[in-house]
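Please look at the structure first, then read the points below by topic.

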Amino acid sequence: MQNFVYHNPVRIVFGDNGIPQLPLLIPEGSRLLLTYGQGSIHRNGVYQRVTEALKGWPLWEFGGLEANPRYETCLRAVEICRQQQVSFILAVGGGSVLDGSKFIAAATLFDGDPWTILTKEATVTQALPLGSVLTLPATGSEMNGFSVISRAATQEKLGFGSPSVYPRFAILDPSTTFSLDDRQIGNGIVDTFVHVLEQYLTYPAQAPLQDRQAEAILLTLIEEAPKVRAAPHEYAVRANLMWCATQGLNGLIGCGVPQDWSTHLIGHELTALYGIDHGQSLAVVLPGVCFHNRLHKQEKLCQYARRVWGMTADSPAELALAAIQRTESFFQSVGVKTRLGEYGIGPEAVTAVANRLAERHLRLGERANLDATAVAAILTTRL
Ligand code: NZQ
Ligand code: ZN
C-alpha cells in the first residue's frame, strides 16, 4: 500500500429530515448566497423547502449555473459575493452547482486572475465557507475538495482541488432526487461506477480492504440500478444510489492505491468540444481505455470479472475482455450510449481531442503511458 493522508472534514446529514436543520449547520450571523442551477429546484419544491428553513437570514440568490458550470457565469456571482459581503455560500443542486459554488468561493477571496486557479498556475489557500443540499447523486462533489469549470469562450474544461473548498456540510436527502429524469439517473450511475473503476482498475497494490470497499460500491450499483426504473418512487433505492455516489469519490477507496483518471480527462475534452454530458463521455471512453491497457490492467480486470460479475473464462486474456464488454453493456442497460457516433460525433473528434492533450503535454493513466497518439488510438475504437 502506498503512503497517504486522509482528512475529510465534510459533515454529512443523510435522510429526509435534513433541510430543516440548515439553521443549525450554518454559522450564526452569516450573510448567505444561495446558488442554484437552471430551475429544477423551483420545479421540485426544494427551493421552497430551503428558503422556508432559512426565513429571517440575510440571503442573496444566484441562479442560472449551467450543467458543466461556466467560468463566465461564476464570475458574475463573485461580484455579488464581494458587493454584498457574503460570508457563506449554500449550493443547492447537482455537481455543477456545487463545483460552480466552490469556484465562486475560492475566486471571491483570490487576489489575481481567477483563471490561473484552473490552469494550476495559482494555488487556492482560502475560500468562503460553503455548504450544500445535493439533488443529484453522481459526482461526489458534496464530500470532496474538487471542482471542474468550463470556459465557453475557449471550449476548455479544467479542474482544481483545494482543502479550502471542502463543503462544511452536505445535506443528502434522497427524496430530492425523485424528480430526476432517466437520463440524469443513468449519467449518475455511470459517473459513480467510473469513479470507482478509476481508483480500482489499475494494478494490485496489496490493498485488499480498499479493493473490497470499491467492489462493494460496484455490486450495490449493479443491484440497485434496475430497481430505479422498476420502482421509481422507492425511497430506499434513491438512498442507496446517493450514498454510493458520495462514497465513490470522497477519497476513502482511493487511499494508498494507484489511480487512473484517464477516462475522466479524455471525457472532459469531449464535453468541452462537443457538449455531451459528463456521464455520457465516460461511458464512451472507459471501455476504450480498458481495452487499450488490457495487459497492464489484466490482474485487476480479472479480479473485477470474478468478484463483481461472477465471471469465469478459459484464460486471463479472455476474462479481461469479457469484463470490459460486460461493463459496456451495464452502461447501456442504464440508458447511456457508449459510442461517439450515437451522440452525433464523427472521426474529427479523434484528432481534436488528441491535439488538445498534446498541447498540454499530458501523459495519462496509472502508468502515465497514454500520450496523444494512444488517446487517438483509443478514441478511434469508440467511433
Ligand atoms: O440546472 P438545474 O435546473 O438544477 O438542472 C440540473 C441539470 O440540468 C438537473 N438536476 C439536478 N438535480 C435535479 C435535476 N433535475 C431534476 N431533479 C433534480 N433533483 O440535472 C442536470 C445535470 O446537473 P449537473 O449538476 O450538471 O449534473 P452532475 O451532478 O452530474 O454534475 C456534473 C458536473 O460535475 C463535474 C462534471 O465534470 C460536470 O461538470 N464533476 C465534478 C466532480 C467533482 N467535483 O468531484 C467529479 C466528477 O467526475 C465530475 O467531473
Ligand atoms: Zn466523474
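**The ligand and its surroundings**

Sorted by class, the shell around ligand 1 consists of 8 nonpolar, 20 polar and 3 charged residues. The model is a predicted one.

**The shell around ligand 1**

- Ligand 1 is surrounded by 31 residues.
- The closest of these residues are Gln 38, Ser 40, Gly 95, Ser 96 and Lys 157.

**Polar contacts and cover**

- An N or O atom in the side chain of Ser 96, one of the closest residues, lies 2.5 Å from an oxygen atom of ligand 1.
- Lys 157, also listed among the closest residues, has a polar side-chain atom 2.7 Å from an oxygen atom of ligand 1.
- For Asn 68, the distance from a polar side-chain atom to an oxygen atom of ligand 1 is 3.0 Å.
- On its own, ligand 1 has 970 Å² of accessible area, and the protein covers 89% of it.
- Two or more residues of the shell come from each of these elements: α5 (95-108), β6, α7 (182-200) and α10 (262-274).

**The two domains**

- The domain assignment divides the protein into domain 1 (11-177) and domain 2 (182-380).
- The contact between them takes 26 residues from domain 1 and 22 residues from domain 2.
- Taken over C-alpha atoms, the centres of domain 1 and domain 2 are 26 Å apart.
- Each of the two domains gives at least three residues to the shell around ligand 1.

- Strand β6 (residues 146-151) pairs with strand β7 (residues 156-161) in the antiparallel sense, over 6 bridges.
- Within this pair, Ser 147 is opposite Phe 160 in β7.
- The hairpin has 4 residues between its strands, and Gln 155 takes a positive phi near 50° there.

Technical notes:
Residues are numbered from 1 along each chain as its sequence is written. Chains are lettered from A and ligands numbered from 1 in the order in which they are written. This is a predicted model: local features need pLDDT of at least 70, side-chain atom pairs count only at pLDDT 80 or more; totals for chains, interfaces and linings use all residues. Side-chain values use heavy atoms; hydrogens and water are left out. Two strands pair if DSSP finds at least two bridges between them. A residue is near a molecule or strand if one of its heavy atoms lies within 4 Å of it. A polar contact is a pair of N or O atoms within 3.5 Å; within protein, one must be able to donate a hydrogen and the other to accept it, and residues adjacent in sequence count only if both atoms are side-chain atoms. Accessible areas come from the Shrake-Rupley method with a 1.4 Å probe; for residues, only the protein chains shown count as cover. Ala, Val, Leu, Ile, Met, Phe, Trp, Tyr, Cys and Pro count as nonpolar, Asp, Glu, Lys and Arg as charged, and the others, Gly among them, as polar. Domain bounds come from an automatic or database domain assignment. Contact means heavy atoms within 4.5 Å.
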